[in-house]
Amino acid sequence: RLTVGCRSTARRSGGLERGGSAAAAAVSCSAYMSGDNESDAELTKTADEAELEAAIAAIRLRKDLPRPAYPMLPNLSTPGPMAAKVQAVQAYIEKLSYNFTGVNYFDVRKQRPMGRIMETARDVTRQALPIKCVEAVFLATYLTQGLRDLERVAVSFKSTVDGQTYKHIILALKHNSKWGSVGLSRRRELYFKELIYHSLADLVLEFKRSYERVFHTLKRVKVGLPMSHDPLAGEYVFWDYLLVRFSDMHLATERLAEHGRTAHKLHEQWKSDVKKGLVAASGPPKGPVVRSEPKKGADKARKPLEERGASGDSDSSDGEGRATMHDGDSLGTDDMPSSVERSSDDIKSTAAAARPSFLAV
């Protein structure tokens with residue numbers, strides 16, 4: 001009716017022979033219609049807000065509603081196999097659920113002393129709010145502080161899919177020369193691994209296969225040094241002491257396996273140097289940038305990527321929140337080929353032909 005009225009007003013203002021007045025009338029009427037639509041939107045929004053507030057008030061008035069489930073901390077002080085304790089830690093982390101809101105409820109800064117990180121983990125246990133991968137690593141470290149036979153090393157990943165880059169971090173665990181991991185992500189195979197792997201390299205290669213199964217191309221891995229079991233430790237955590245790319249799988253595997261064997265010695269050496277005053281204790285030492293050199297005859301276009309140092313990679317977990325995934329999305333049952341001898345370029349070309357675009361870490 002408003003549209004017909006506007007046309008009638010324009011005709012009464014002079015018709016086609018008096019186009020200026022008619023155009024002015026049409027513009028005036030269109031502005032009126034736009035303002036009327038905005039008023040309707042505001043009324044609808046006000047009505048929706050009022051309905052929401054009424055629903056919240058009705059819930060608050062009900063006294064018979066059960067309290068939300070509050071996860072109980074696992075009891076790790078009793079005797080038992082280490083594998084069972086690790087599973088208990090992972091079960092507790094999963095009960096907090098993944099944070100899909102896009103808002104961090106806790107301080108996720110990693111470049112802090114160990115004591116500050118443990119304070120954040122205690123806040124997580126008190127508030128029991130949803131968390132992401134960084135908070136899950138903080139929490140797993142806090143829960144395993146008393147398990148001195150358990151070596152804990154942070155491992156972060158950077159992967160790509162459909163031109164997007166995603167970052168993720170987990171806590172690798174070592175006990176009796178067996179490796180596993182705990183953490184949190186949208187997919188369980190990207191954070192939890194049993195204590196069954198013979199080396200750090202085997203664990204990382206299993207994660208590489210897991211990434212391929214969700215159509216991601218794993219670009220690089222950063223590995224830290226073991227975390228202190230001292231609850232009052234003022235030292236910093238070594239999050240990214242070693243950086244490995246997957247241009248040469250054989251070299252990458254050797255470096256990861258060697259680091260898994262010697263990481264605790266490197267950590268003890270640094271602590272000894274701090275006590276002797278040989279190095280500063282205000283932060284972690286500079287780790288080596290291990291670039292897996294491409295094989296002879298490899299594509300020269302890959303050189304710029306390999307020539308970049310660790311400074312080209314940002315924090316290993318800050319970008320995880322950018323990834324999105326819709327509820328109900330699922331993967332096919334057929335896994336992609338996962339031979340570790342294939343180069344990252346081969347994996348990327350295979351994944352591009354088969355992957356859907358909704359997957360994210």
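User: Arg126: buried or exposed?

Analyst: This is a predicted model, where local features need pLDDT of at least 70, side-chain atom pairs count only at pLDDT 80 or more, and totals for chains, interfaces and linings use all residues. Residues are numbered from 1 along each chain as its sequence is written, and side-chain values use heavy atoms, with hydrogens and water left out. Buried means under 20% relative accessible area, exposed over 50%, and partly exposed in between (1.4 Å probe, protein chains only). Arg126 has a relative accessible area of 52%, so this residue is exposed.

User: Which residue forms a salt bridge with Arg126?

Analyst: A salt bridge is a side-chain nitrogen of Lys or Arg within 4 Å of a carboxyl oxygen of Asp or Glu. Both partners lie in helix α4 (residues 114-127), three residues apart, about one turn of the helix. Helices here are DSSP runs (H or I, at least four residues), and strands are runs of E, at least two, numbered from the N terminus. The closest N and O atoms are 2.3 Å apart, and the partner of Arg126 is Asp123.

User: What is the relative accessibility of Glu212, which forms a salt bridge with Lys208?

Analyst: Lys208 and Glu212 both lie in helix α6 (residues 200-213), four residues apart. Their closest N and O atoms are 2.8 Å apart. Lys208 counts as buried at 4% relative accessibility. Glu212 also counts as buried, because its relative accessibility is 3%.

User: How many salt bridges are found in the whole structure?

Analyst: Side chains of opposite charge can pair when their charged atoms come close. Glu189, Lys193, Glu206, Arg209 and Arg213 are linked in a network of salt bridges. A search of the whole structure gives a count of twelve.

User: Where does Gly224 lie?

Analyst: Gly224 counts as buried, because its relative accessibility is 0%. Leaving aside neighbours within four places in sequence, its contacts (heavy atoms within 4.5 Å) include Val153, Trp239 and His259. Gly224 and Tyr241 are 17 residues apart in sequence and 4.7 Å apart in space, C-alpha to C-alpha. Gly224 is found in the loop between β5 (217-223) and β6 (242-245).

User: What percentage of the residues of the protein count as buried?

Analyst: The protein has nine helices and seven strands. Residues 24 or more positions apart account for 67% of the contacts with a separation of 6 or more. Of the 361 residues, the share that counts as buried is 44%.
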